[in-house]
Amino acid sequence: MATTDTATLTRFTPKELPYAYDALEPQVSEETMRYHHDKHYVGYVDKLNTLIVDTPFADQPLEDIVLSADGAIYNNAAQAWNHEFFFETLSPAPQTNPDGALRSAIERDFGSFGAMKEKMTGMATGLFGSGWAWLATDKAGKLSIVAESNAGNPMRQGLVPLMCFDVWEHAYYIDYRNRRAEAVQALWDRIDWKTVGERYERRR
Ligand code: MN
């Protein structure tokens, strides 16, 4: 993130997408990714930059703002954080299965990887309105699936996010129209379990 520069409202600089816009096709189209990253995500960052001027949040790291702000500042900070995390969870060449300590924890806490996917798909699909479905862990390593409305982030409950699905309509409507379940199902093939497993190992 950029250093503080309230004069030009560029406190936070949007992160580049970590792969080409068309790299997740066919599950996510180039058109969706251009709107999702360049318009929606960048829009949250730009709005956050304008909202925090002359507030106690003006010189705080993004994660601290997510943890402590409310209202519009929280909404835009969390949406910025959530999108960066979401885009970094997906990969053009993902490790498609969890392994190591994360695999063991999934089998312990959900019975099997398949059962975990089924539960999370159901919660993502069933969430009323806009929001996010999260796989999260507590500091001890116990996993949970959390459905959050709007900009909701499980860090607010003291949990460590591991992966997520964005189920705002802007995430899928171009490619899947109203078929949210189909969009979520397709995205499983783009989740990089190497990244998710590293997050699990680093939980704090
Ligand atoms: Mn989104």
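1. Two strands count as paired when DSSP finds at least two bridges between them. On that basis, this predicted model holds an open sheet of three strands in the order β2-β1-β3, with antiparallel pairing. β2 and β3 stand at the edges, each with a single partner strand, so one side of each has no neighbour in the sheet. From one strand to the next, the twist averages 25°.

2. Take the β1 and β2 pair. Strand β2 covers residues 143–149, and its antiparallel pairing with β1 runs over seven bridges. W134 has V146 of β2 as its bridge partner. The hairpin of β1 and β2 has five residues between the strands. In that hairpin, G141 takes a positive phi near 105°.

3. Now the other pair. Strand β1 spans residues 131–137 and is joined to β3 by six bridges, again in the antiparallel sense. A136 is bridged to P161 of β3, and T137 is bridged to V160 of β3.

4. Is β3 enclosed or open to the outside? Strand β3 comprises residues 160–166, and seven of its seven residues are buried, so the rest of the structure largely encloses this strand. The cut-off for buried is under 20% relative accessible area.

5. Helix α8, residues 193–202, touches β1, β2 and β3. The direction of α8 makes about 150° with that of β3.

6. Which residues hold the manganese ion? H36, H83 and H170 each coordinate the ion through NE2, and D166 coordinates it through OD. The distances are 1.9 to 2.1 Å. Along the chain the donors follow the spacing H-x46-H-x82-D-x3-H. H36 sits in helix α1 (residues 30–51) and H83 in helix α3 (residues 71–89), so this pair ties together parts that are 47 residues apart in sequence.

7. H36 counts as buried because its relative accessibility is 2%. For H83 the relative accessible area is 0%, so H83 is buried as well.

8. Next, a helix pair. Helix α5 (residues 113–126) packs with helix α7 (residues 180–187) at an angle of about 145°. Their axes are 9 Å apart. The crossing of α5 and α7 is right-handed. On the α5 side, the contact is made by T121, A124 and T125. On the α7 side, it is made by R180, A181, V184 and Q185. By class, the contact of α5 with α7 has three nonpolar, three polar and one charged residues.

9. Two prolines are worth a look. P56 is found in the loop between α1 and α2 (62–68). P56 has a relative accessible area of 65%, so P56 is exposed. P161, by contrast, is the bridge partner of A136 in β3, a strand whose seven residues are buried. The two prolines are 105 residues apart along the chain, and 25 Å separates the C-alpha atoms of P56 and P161.

Note on methods
Residues are numbered from 1 along each chain as its sequence is written. This is a predicted model: local features need pLDDT of at least 70, side-chain atom pairs count only at pLDDT 80 or more; totals for chains, interfaces and linings use all residues. Side-chain values use heavy atoms; hydrogens and water are left out. Axes are lines fitted to C-alpha atoms, for helices over the stretch in contact, and angles run from 0 to 180 degrees between N-to-C directions. Helices (H or I, at least four residues) and strands (E, at least two) are DSSP runs, numbered from the N terminus. A crossing is left-handed if the near helix is turned anticlockwise from the far one by less than a right angle, and right-handed if clockwise. Contact means heavy atoms within 4.5 Å. Ala, Val, Leu, Ile, Met, Phe, Trp, Tyr, Cys and Pro count as nonpolar, Asp, Glu, Lys and Arg as charged, and the others, Gly among them, as polar. Buried means under 20% relative accessible area, exposed over 50%, partly exposed in between (1.4 Å probe, protein chains only). Donors are N, O and S atoms within 2.8 Å of the metal (3.2 Å for Na, K and Ca); water is not among the atoms, so sites may look incomplete.
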